[in-house]
Amino acid sequence: MEYGNSSVVEKLVAGEYVSGEPDGGDDCVDSPPTKRPQLSIQGRDRLSDLPDLPLLHILSHLNFQEAVRTSILSKRFDKLWNSVTVLNFSDEVFGKNNGQSFVKFVNTALLKFINVSPGFRDLEKFSLRFYYDSKYCKEVDAWIKSAVQRRVKSLHLNLIRFVQNLNYALPDFLHNDKNLVELVISCCSIPRDVEIGWSSLRLLSIKGAKLNEELISKMFLGCPVLETLELSDWSGFDRLKISSASLRVLKLAGEHKTGLSRHPENLAQLEISGPNLESLEISGTLHRTTVKLNDLGSLENAIIDFEVRVGKARYEFHLELVRGVLEDLRDVKTLALGGWCIKVLSAGEKYYLSPPSSARRSLTFCIPVILWDHLGIVNMLHSSPSLETLVIKLSCFSDKCGVKHTSAFPSDGDEGYYWTSWRTSSRCRSPLLKTVKIFGLESAGGAMKPLFQFLEFVLRNCGLLKKVVIRTSGYVMQEALEEALKLSSIPAASPDAVVHYEPPRLWIDPLHRYPA
């Protein structure tokens, strides 16, 4: 396949392609000659002092357009960009409706890169991001083939589709690429009748694709050393058993909404098993799936941050689902739980239905501020008597989980009383708790009131507590800051307890001369 006229890249190298907005033709808009900038400090060019390796590392993090533009900095960069082993192509500067210009640019750029690159170097990474249309299928095939011929190790295809359910079909020659170590695809389909031979693949990430149990089994058989599998916006199966001897990390991020509405008793079940699995993450929305976890004896950490959206499901159904997942994860030492699950568990706390007791030592709550729920938090702490580290990650998402229950303490005043009651103290002892970390403090003091009530309770009741760390994620209202600072004056049960307040970390340019 011909890659087209090379004038685009030639003008790009010459510094004339500055705006990043081609006119849709073969050439770019002419512009006045660009002078090479003098990047120096105190008369010395600091970039020229760096060896080639760190400069190539910097170029590898730029889009191809940006990497080529560095040739205007010096003659040295004019040679360096031809030596990169990472090619990143993105249509962000071209726009959503300018696909033809982007395709023409990639064709020309690849031809230029192949012609000027010395020797036959392997590619570490080839990354492509653009709004895909089926009329560009042959061009995308040619780009991937060019990367495969250079024994690319990491292939990222982030394709954004114009038409729903119109995915790019991976070419046949890619299915048996033995050089791939990492494959990340979005809105791409894998034919069900192909044999997969990714013998070196260690990471596989698939987004927006229809899968079934047969295809998943083929992928595991064809990926004997696969360690990480990531599925997001997935669909296409009712029952799926995921098992692999080599798999260490499994991430499931959200089920694709199909428009089906099912009764809770008729939901499809997702069964997950992995004897050597060490890390598991289930997040996002599940529209028609329940979760059953089996044979996870090697699992060390888990993130459970999903929510189930079905028709008119009662909270008893949600509670049974969450308690069942926690039962399957009772031996996991490190657990992170999302706001929806905590909200569901609060219904169980009303009736003293706690999750099974666990030996976990680390627990993380990922809680939108509006989903803060005293009952659910106490429910989890009561089932974690060996807990040593508690992390709370706050966010400002709205409450859309749809879980409704009658709180035992509907008013703010009652919630304040809740943390001083004997009932709470007896169910939330946390005798081994040593560290509490708060991330994301950024709202006004009123919105953070439940958090401060909880932290006061922890300081007054945890005898082995050593530190409470509060880290903000942005600008904090004065009211919230004052409430945080008050914690230092609370009489703590532990003589070693210290409250640390950490403001947002600022990035400092090491090359800039700051005033004394």
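**Exercise 1. A histidine contact**

With which side chain does the side chain of His256 make a polar contact? Find the partner, then describe both residues.

*Solution.* 
Step 1. The side chain of His256 makes a polar contact with the side chain of Asp233, at 3.0 Å. A polar contact is a pair of N or O atoms within 3.5 Å; within protein, one must be able to donate a hydrogen and the other to accept it, and residues adjacent in sequence count only if both atoms are side-chain atoms.
Step 2. This is a predicted model: local features need pLDDT of at least 70, side-chain atom pairs count only at pLDDT 80 or more, and totals for chains, interfaces and linings use all residues. Residues are numbered from 1 along each chain as its sequence is written, and side-chain values use heavy atoms, with hydrogens and water left out.
Step 3. Strands (E, at least two residues) and helices (H or I, at least four) are DSSP runs, numbered from the N terminus.
Step 4. Check the cover. His256 has 17% relative accessibility, so it counts as buried. Buried means under 20% relative accessible area, exposed over 50%, and partly exposed in between (1.4 Å probe, protein chains only).
Step 5. Turn to Asp233. Strand β8 (residues 228–234) holds Asp233. Its relative accessibility is 24%, so Asp233 counts as partly exposed.

**Exercise 2. Positive phi**

Find the phi values of Asp233 and Asp295, and say where Asp295 lies.

*Solution.* 
Step 1. Recall the background. Most residues other than glycine have a negative phi.
Step 2. Asp233 has a phi near 55 degrees, a positive value in a residue other than glycine.
Step 3. For Asp295, phi is near 50 degrees, again positive in a residue other than glycine.
Step 4. Asp295 lies in the loop between β13 (289–294) and β14 (301–308). At 52% relative accessibility, Asp295 counts as exposed.

**Exercise 3. Strand β18 and its partners**

Name the strands that pair with β18, and say why β18 is largely enclosed.

*Solution.* 
Step 1. Strand β17 (residues 389–395) pairs with β18 in the parallel sense over five bridges. Two strands pair if DSSP finds at least two bridges between them.
Step 2. Locate one bridge. Ile392 has Ile438 of β18 as its bridge partner.
Step 3. Strand β19 (residues 467–472) runs parallel to β18, joined by six bridges. Here Thr435 has Lys467 of β19 as its bridge partner.
Step 4. Of the seven residues of β18 (residues 435–441), five are buried, so the strand is largely enclosed by the rest of the structure.

**Exercise 4. Strand β1, face by face**

Sort the residues of β1 by the way they point, and find the partner strand.

*Solution.* 
Step 1. In a regular strand the side chains alternate between the two faces of the sheet.
Step 2. Val86, Asn88 and Ser90 point one way from β1, and Leu87 and Phe89 point the other way.
Step 3. Strand β1 (residues 86–90) is mostly covered, with five of its five residues buried.
Step 4. Strand β2 (residues 125–132) runs parallel to β1, and five bridges join them. Phe89 stands opposite Leu128 in β2.

**Exercise 5. Cysteines**

Count the disulfides, and explain the result for Cys187.

*Solution.* 
Step 1. Apply the rule: a disulfide is a pair of cysteine sulfur atoms within 2.5 Å. The count comes to zero disulfides.
Step 2. The closest cysteine sulfur to that of Cys187 is in Cys188, 7.2 Å away, which is too far for a bond.
Step 3. Cys187 is buried, at 11% relative accessible area. Cys341 is buried too, at 1% relative accessibility.
Step 4. Val378 belongs to helix α11 (residues 374–382) and is buried, with a relative accessible area of 0%.

**Exercise 6. The whole protein**

Summarise the fold in numbers, then the confidence.

*Solution.* 
Step 1. The protein has 15 helices and 20 strands. Of its 516 residues, 47% are buried.
Step 2. The average pLDDT is 76, and 67% of the residues score at least 70. pLDDT is the predictor's confidence in each residue, from 0 to 100.
Step 3. Over residues 1–10 the pLDDT is below 50. Residues 12–41 also have a pLDDT below 50.
Step 4. Where pLDDT is low, the predicted coordinates should not be read in detail.

Definitions and conventions: Contact means heavy atoms within 4.5 Å.
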